[in-house]
Structures are given as structure tokens and as C-alpha cells.
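This briefing concerns the structure shown below. Please consult the sequence and the coordinates together while reading.

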Amino acid sequence: MRRELLALVITGVFLLSFLGSASAFSLRELGEAIQQKYQEIKQKYLNASNFYQEVRQKWLQARETYQQIKNETNREEALEWARKVAGAGINITITYLEKVIAKVNATTALTEEQRSAIISELQLRIEWLRNRSQEIPQANLSEISNITHKIRNYWQNHRVAVKRHVGKILSVKINWLIQKLENLTERAEAKIEELKANGTNTSELEALLDDLNEKLDLAKEKYEAAKEKFENITTLEEADQLFREGRDFIREAHQYLVQAFQQFKQLVKEIKEVLAG
């Protein structure tokens, strides 16, 4: 029984390492190769973002010059920078999607089926953007305007999907933590039942267990509320609000889990004291 109790403590310490940082994409979860890949893609996205800002400024300057003096030289320069800024805009969107894919791969709480579904959807979006980039080199100013308009509309729709995916990752991870702590609690409850069957007074242990289960129930309640919010993210108009509300529920669930785990540690401590006595 002491050996089994030790296993409970060790498993609990392992769980605490996750509870200490329950953000969506904690690098503590990653293997070394995945972590390195994520950092590389993150840097690639930052570089693409900086490049886009630089090119956009050049395009704005060239456009202003052409509007002031509409000659062939200024038109060609404006067209060149328009093509560059359109290409840079597509590139930053693609690298952002690649960063999201890396985050999905980094979230071990997702099942293979969930991970595959999200990544497949994001890869389709990347393919669509790459097809648009092939239209840019031969496009005139009017055509580039149409392309960028398409991309802008596409991105607005994409933002909804991304928020839904991030919400799914948050809810899946908190549910994974809930299940792990539930399993630990069930094992601790079995030890209490053994003690009780042997004639030990377990009233104080049972009180701690009841409080622990209450905190777990509250965490599950907040998880379900968050999950519902994230699943309802379907329109751009409501996406930001629903995501914030879902994220707030996740934070509340996390706080209840932290409290529950503190109760669990105290419960294990008192079981050890009973055994030692």
C-alpha cells in the first residue's frame, strides 16, 4: 500500500508540472525536435512580418509619388512595389498558418485524429494562398487590387477558424488535466476505502476528498462552458467575444484545478500520516 501511495505522489508531481503552466502551447510539452521546429517557424513568421512592414512603406511611398506625377516610370515603380507588398502579405499569412500548425503539433493533449483534421484544414488554406501568389507576377495594378481584396476576405474568414482551433486546443488540454487528476483522485479514494474497511476512522480524509471532488466538478463545469463557447465561434462578428468568454472559463477551470491539486496533496499527506500512525 505504501508503494502504491508513493506512485500516487509521483504521478501528482508530474501533473503539477502541467498545472503550473496551462497555456495553450507550453514548450514544456515538446520534444527537442518539435521545440526547435516551432522556434524556427516562429522566427520565420517574425521575419516575414518585419519584411511586410518594410515593403508596405515602400509601396505607400511609390503610390503617393505616382498619384502626384502620373508618368510611366512612376507607374512601373508603383506596380513593382504593389506586387511585392501583395506577395509579402501572402507570405506572412502562410507563415502564420505554419506557426499555428507547429502549435498544433506541439499540443500533446490532442488526439491524432484531432491533430490531423486541424492540420489538413490549415494546409488547404496554405495551398489556396500559394495559388494566389502565382497570380501576382503578371498582374496589373487593378488585378493586384482584386487579389489583395480576395486575400483580405479570405483572411477574415480564416481568423474565425483559427480562433475556433485555438479554443479547441485550450479546452482539450484542460480536459486532459481534469481527467488525469480525476484518475489520481479515484486511486486515493480506493486507499481511503481500504483504510475504512480495516476499521480506521477516515472521516477527515473523506471530508478532504469531498472538497477535492467539489473543486473537480467546478473545473469540469467551467470546461464544458468554455467548450461550448469555442464551438459556437462561427462568425467574424462574434468570434472575438466568444473566444474571450471561452478563455475566461478556461482560466477559471485552471484555478479550480490548482485548488483541487492542493487538496489532493494534502489528502495524500494525511493518508501517509494515518499509515505511519
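The structure is a predicted model. Its protein chain has 7 helices and 0 strands, and 277 residues, of which 40% are buried. A search of the whole structure finds 18 salt bridges.

**Overall fold**

- Along the sequence, the protein chain follows the pattern α-α-α-α-α-α-α.
- Among the contacts of the protein chain between residues at least 6 apart in sequence, 80% join residues at least 24 apart.
- The protein chain exposes about 15500 Å², and carbon and sulfur atoms account for 47% of that area.

**Nonpolar cores**

- In soluble globular proteins, nonpolar side chains tend to be buried together.
- The largest nonpolar core of this model holds 34 residues. The members that touch the most other members are Ile174, Leu181, Phe230, Ile233, Leu257, Phe264 and Leu267.
- Helix 5 (141–197), helix 6 (203–231) and helix 7 each contribute at least two residues to this core.
- A second, separate core consists of 30 residues, including Ala86, Val104, Ile136 and Val172.
- Ile174, a member of the largest core, is in contact with Tyr223, Ile250, Ala253, His254 and Leu257 when its neighbours within four places in sequence are left aside. Of these partners, Leu257 is also listed with Ile174 among the residues of the largest core that touch the most other members.

- Side chains of opposite charge can pair when their charged atoms come close.
- Glu98 and Lys44 form a salt bridge in which the closest N and O atoms are 3.2 Å apart.
- Because Glu98 belongs to helix 3 (residues 72–106) and Lys44 to helix 2 (residues 32–68), the pair ties together parts that are 54 residues apart in sequence.
- Glu98 has a relative accessibility of 17% and therefore counts as buried, the limit for that class being under 20%.
- Lys44 has a relative accessibility of 41% and so counts as partly exposed.
- A network of salt bridges links Lys44, Glu98 and Arg130.

- Arg75 pairs with Glu76 in a salt bridge, with 2.5 Å between the closest N and O atoms.
- Both partners of this pair are partly exposed: Arg75 has a relative accessibility of 26%, and Glu76 has one of 36%.
- Arg251 forms a salt bridge with Asp248, the closest N and O atoms lying 3.7 Å apart.
- Arg251 and Asp248 both belong to helix 7 (residues 236–276), where they are 3 residues apart, about one turn of the helix.
- Asp248 is partly exposed, with a relative accessible area of 36%.

**A loop position: Gln134**

- Gln134 is located in the loop between helix 4 (112–133) and helix 5.
- The relative accessible area of Gln134 is 62%, so this residue is exposed, the class being defined as over 50%.
- Gln134 and Gly87 are 47 residues apart in sequence, while their C-alpha atoms are 9.1 Å apart in space.

Notes
Residues numbered from 1 in each chain as written. Predicted model: local features only at pLDDT ≥ 70, side-chain atom pairs only at ≥ 80, totals over all residues. Heavy atoms only, no water. Salt bridge = Lys/Arg side-chain N within 4 Å of Asp/Glu carboxyl O. Helix = DSSP H or I, 4+ residues; strand = E, 2+ residues; numbered from the N terminus. Buried < 20%, exposed > 50% of the residue type's maximum accessible area, 1.4 Å probe, protein only. Core = buried A, V, L, I, M, F, W, Y, C linked by side-chain atoms within 4.5 Å. Contact = heavy atoms within 4.5 Å. Areas by Shrake-Rupley, 256 points an atom, 1.4 Å probe, with all protein chains shown as cover.
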